Amino acid sequence: MEEIDIALITRRSIRGVFALTSRTFVIQLVSLSANFLLTIFLSPAIFGVFFIVSAAIAFLSYFSDIGLAAALIQKKESITEQDLRTTFTLQQILVISVVLVALILANPIGSFYHLEKDGILLFQALAIAFFLSSLKTIPSIILERSLRFEKLVIPQIVETLFFSIVAVTLAVKGFGVASFTYAVLARGISGVIVMYLISPWKIGFGFSKESAHKLLSFGVPFQLNSFLALVKDDLLIVYLGRVLPLAQVGYIGFAQKWAFAPLRLIMDNVIRITFPSFSRLQNEKEILEKAIEKSIFAACFLIFPSLVGLVALSPYFVHLIPKYLKWEPAILSLAFFAINAALSSISTPLTNALNAIGKIKISLYLMVFWTIATWVLTPIFIVFFGFNGVAAASALISCSVVLVVYLAKRYISFNVFRATMYPFVAAVIMGVAVYFLSPILVKNLISLVFMIFVGAMLYFLCIFILARNEVLSDIKLVLGHLRG
């Protein structure tokens with residue numbers, strides 16, 4: 001692969017941010033709209049089934065990768081066809097093995113969770129969709145190495161449209177759990193087709209011991225990190241499905257999905273862009289340090305006000321939207337998960353930067369700590385606070401962002417206070433204003449939308465007053481690279 005100079009990295013990264021954010025905004029808009037409709041037509045128990053089954057498949061899927069994809073993206077040298085074929089071969093051996101195990105275990109897993117036939121079919125459909133998703137890995141790596149993020153998002157748009165249209169249409173017609181079954185299959189098939197249209201790669205098998213050794217030296221710790229994240233999150237959901245009623249698991253899933261929506265919209269794009277970009281800049285420490293500060297500021301700039309507004313206005317959403325009152329028990333969990341999401345907007349770019357410069361073991365140690373803390377605190381919090389204890393434990397554990405900052409500063413010089421101060425202050429001012437104005441102004445859905453608009457304008461006004469020079473400087477930099 002041809003080497004890319006720093007100017008091109010900067011230009012493509014900035015363009016990638018705009019391409020991914022703007023197009024992912026469309027994805028999230030469609031996804032959240034679909035989720036909104038699904039929460040109207042489907043019961044909390046059905047959401048609980050989808051939440052648990054998805055987590056079970058996610059657990060199995062982590063055995064299908066040993067970090068080779070991440071190793072290819074992080075690799076300093078150019079990747080070769082031999083690297084690609086070795087990665088694809090090893091991955092498919094693992095994927096097919098996992099899918100076969102999943103299909104064999106479908107009925108026992110269904111019995112374990114007292115799932116009906118529709119729930120078992122959903123599990124099988126997710127296993128097949130997982131195999132289809134694995135076929136996109138190599139074309140996706142090629143695009144990420146080239147920093148062609150504007151193309152990378154196209155399959156995601158198509159997948160989201162297919163999933164949302166199919167799921168909502170069938171939910172309206174009363175298909176229940178089967179709405180998700182057909183939707184995940186439609187998503188998987190459409191995604192593979194579009195990915196190979198925009199990033200053609202001739203599927204081929206092969207194996208190089210030398211290539212595998214180099215890639216595994218980074219890939220194995222990276223995947224172990226991901227596996228611990230799985231144990232911390234998805235396996236926890238599997239556990240919750242046994243100790244809590246399905247409806248309460250549905251409340252947890254509802255609260256987590258909405259609280260993490262701003263994080264997924266912004267942070268997933270930041271990580272997708274910054275990991276390959278930071279990897280290419282790992283020998284340019286001064287530039288890398290500035291890039292890290294900018295990525296944290298960008299994440300906080302958008303995530304902080306979104307979360308504050310969501311928490312402040314969530315009671316009005318529940319009471320004013322028809323058939324949404326059934327989700328009122330999830331409001332407290334939503335607030336706790338929002339704390340987690342806000343602090344993750346700081347810690348995630350830092351662990352991402354540590355991975356990009358090859359300090360994968362530091363991230364691994366952090367993940368070990370988070371996993372142990374989650375499994376120790378969550379059952380205890382459930383005993384004292386019920387299902388809301390899951391989110392409360394999550395919020396408490398996220399306060400370990402202080403440790404992440406301390407460890408990251410040992411290898412990279414950056415100013416986290418400068419990157420987070422202005423978004424935090426502006427979001428707090430906005431939140432206080434929205435909290436006191438909402439009881440007076442919000443009487444129906446139209447006034448609720450107006451309140452959102454007022455809050456957003458107040459936030460941007462505060463940011464402009466507090467950080468006018470910095471914001472204008474960043475806008476000038478971005479416009480310069482977009483025009484270039």
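Leaving aside residues up to four places away in sequence, Ser-333 touches Ala-255, Phe-387, Asn-388 and Ala-391, where contact means heavy atoms within 4.5 Å. The model is a predicted one, in which local features need pLDDT of at least 70 and side-chain atom pairs count only at pLDDT 80 or more, while totals for chains, interfaces and linings use all residues. Residues are numbered from 1 along each chain as its sequence is written, and side-chain values use heavy atoms, with hydrogens and water left out.

Ser-333 is part of helix H15, residues 331-356 (helices, H or I with at least four residues, are DSSP runs numbered from the N terminus). Because its relative accessibility is 0%, Ser-333 counts as buried (buried is under 20% relative accessible area, exposed over 50%, and partly exposed in between, with a 1.4 Å probe and protein chains only). The side chains of Ser-333 and Asn-388 are joined by a polar contact of 2.6 Å, that is, a pair of N or O atoms within 3.5 Å, of which one must be able to donate a hydrogen and the other to accept it, and residues adjacent in sequence count only if both atoms are side-chain atoms.

Cys-399 lies in the loop between helix H17 (388-398) and helix H18 (401-408). With 42% relative accessibility, Cys-399 counts as partly exposed. Although 59 residues separate Cys-399 from Asn-340 in sequence, the two are 7.9 Å apart in space, C-alpha to C-alpha.

Elsewhere, the axes of helix H4 (residues 81-112) and helix H6 (residues 137-145) come within 10 Å and cross at roughly 145 degrees; axes are lines fitted to C-alpha atoms, for helices over the stretch in contact, and angles run from 0 to 180 degrees between N-to-C directions. Leu-84, Thr-87, Phe-88 and Gln-91 of H4 meet Thr-137, Ile-138 and Ile-142 of H6 in this contact.

How values were computed
Helices (H or I, at least four residues) and strands (E, at least two) are DSSP runs, numbered from the N terminus.
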